[in-house]
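These are my notebook entries on one structure.

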Amino acid sequence: MATIRHRSVQLGDVEVFYREAGDPGAPVLLLLHGFPTSSHQFTRLMRRLAGRWRLVAPDLPGFGETVTPEGFTFTFDRLAEVLGDFVDALELRRYALYVFDFGAPAGLRLAVSRPHQVTALITQNGNAYVEGLGPAMPDFANLTDEAEAKRGFAEILRLEQVKWQYTEGARDPETIDPSNYLLDKYFLDRPGRAEAMQDLLWDYRNNPPVYPKFQAWLRETQPPVLAVWGRNDKFFLPAGAEAFRDDVPSAEVHFFDTGHFALEEDVEPISELIDRFLTARH
């Protein structure tokens with residue numbers, strides 16, 4: 001079984017924790033997790049792909065084991081800046097990019113700022129189109145009172161809501177390992193984490209206005225795109241996966257009968273698709 005190493009790198013006043021597996025000389029797949037989890041969500045996927053690829057999965061600021069200083073500004077622009085420092089520190093000059101949930105707006109900002117570093121894009125319920133915004137997403141257009149909005153976001157951080165993100169839309173919720181959402185809740189309960197999540201959720205309203213920049217990068221660079229999507233996701237709808245074909249007509253789109261955390265039930269077929277997709281391009 002593949003070995004996953006647990007490392008950290010100091011980037012100014014931010015200490016980024018990351019998981020790494022595979023041959024250091026192999027082509028790189030950079031894996032960016034979503035809310036409210038961490039790079040832990042990729043453990044099973046990394047073990048399946050490490051034979052052919054170098055897998056690198058950081059914990060974004062505000063998540064998991066990554067340490068941020070007091071006063072850190074939790075916005076998606078800032079997360080993308082830290083990711084830029086991270087790929088520079090690890091000397092990742094070319095990499096395929098896997099984005100999920102919050103990892104999409106952070107990772108696609110990175111791609112826009114470094115348009116030719118990304119060799120391919122794999123999006124697993126990682127949205128870049130208004131068509132993909134589902135009913136479980138806040139009504140960002142009508143969020144005008146920050147304090148009131150953050151009080152509502154506090155409800156999203158309750159254990160029942162964290163669990164719901166994993167089980168809603170799953171074919172068989174009994175197959176979802178409770179330790180995953182319990183670990184997420186452990187990190188959410190660390191000092192300052194609730195406030196960090198509320199800040200990021202408040203900042204999410206600034207993502208749809210920059211979707212055109214993400215789409216322009218896709219149109220102009222035409223990276224190979226693979227969309228692997230839980231079709232029952234209440235946050236990001238199948239239309240968001242299909243929309244990638246508007247800008248990259250060659251995009252592969254595959255749907256799975258599962259929810260938001262598609263890897264929980266379908267890690268095997270998704271890993272096989274990723275391996276085949278990347279192999280065809282290296």
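**Entry 1: the span.** I began with residues 27–266, whose end C-alpha atoms lie 24 Å apart. The span is 41% helix and 13% strand; helices (H or I, at least four residues) and strands (E, at least two) are DSSP runs, numbered from the N terminus. In the unreviewed UniProt entry, the annotation "domain: AB hydrolase-1" covers residues 27–266. I noted that UniProt positions are given in the numbering used here, that feature names are shortened, and that annotations may be inferred rather than shown by experiment.

**Entry 2: ground rules.** This is a predicted model, where local features need pLDDT of at least 70 and side-chain atom pairs count only at pLDDT 80 or more, while totals for chains, interfaces and linings use all residues. Residues are numbered from 1 along each chain as its sequence is written, and side-chain values use heavy atoms, with hydrogens and water left out.

**Entry 3: H3 and H8.** Two packed helices are described by the angle between their axes and the distance between the axes. I looked up helix H3 (residues 103–113) and helix H8 (residues 211–221): their axes come within 10 Å and cross at roughly 55°. Axes are lines fitted to C-alpha atoms, for helices over the stretch in contact, and angles run from 0 to 180 degrees between N-to-C directions. H3 and H8 are therefore oblique to each other (under 35 degrees counts as roughly parallel, over 145 as roughly antiparallel, 65 to 115 as roughly perpendicular, the rest as oblique). The contact (heavy atoms within 4.5 Å) involves Pro105, Leu108, Arg109, Ala111 and Val112 of H3, and Lys213, Phe214 and Trp217 of H8. I sorted these residues into six nonpolar, no polar and two charged. Here Ala, Val, Leu, Ile, Met, Phe, Trp, Tyr, Cys and Pro count as nonpolar, Asp, Glu, Lys and Arg as charged, and the others, Gly among them, as polar.

**Entry 4: H5 and H6.** The axes of helix H5 (residues 159–167) and helix H6 (residues 178–188) come within 9 Å and cross at roughly 140°. That makes H5 oblique to H6. H5 contributes Leu159, Val162, Lys163 and Tyr166 to the contact. The contact of H5 with H6 has six nonpolar, one polar and three charged residues.

**Entry 5: Asp247.** Is Asp247 buried or exposed? Asp247 is buried, with a relative accessible area of 7% (buried means under 20%, exposed over 50%, partly exposed in between, with a 1.4 Å probe and protein chains only). I found Asp247 in helix H10 (residues 244–247). Leaving aside neighbours within four places in sequence, Asp247 is in contact with Tyr129, Gln215, Leu218, Arg219 and Gln222.
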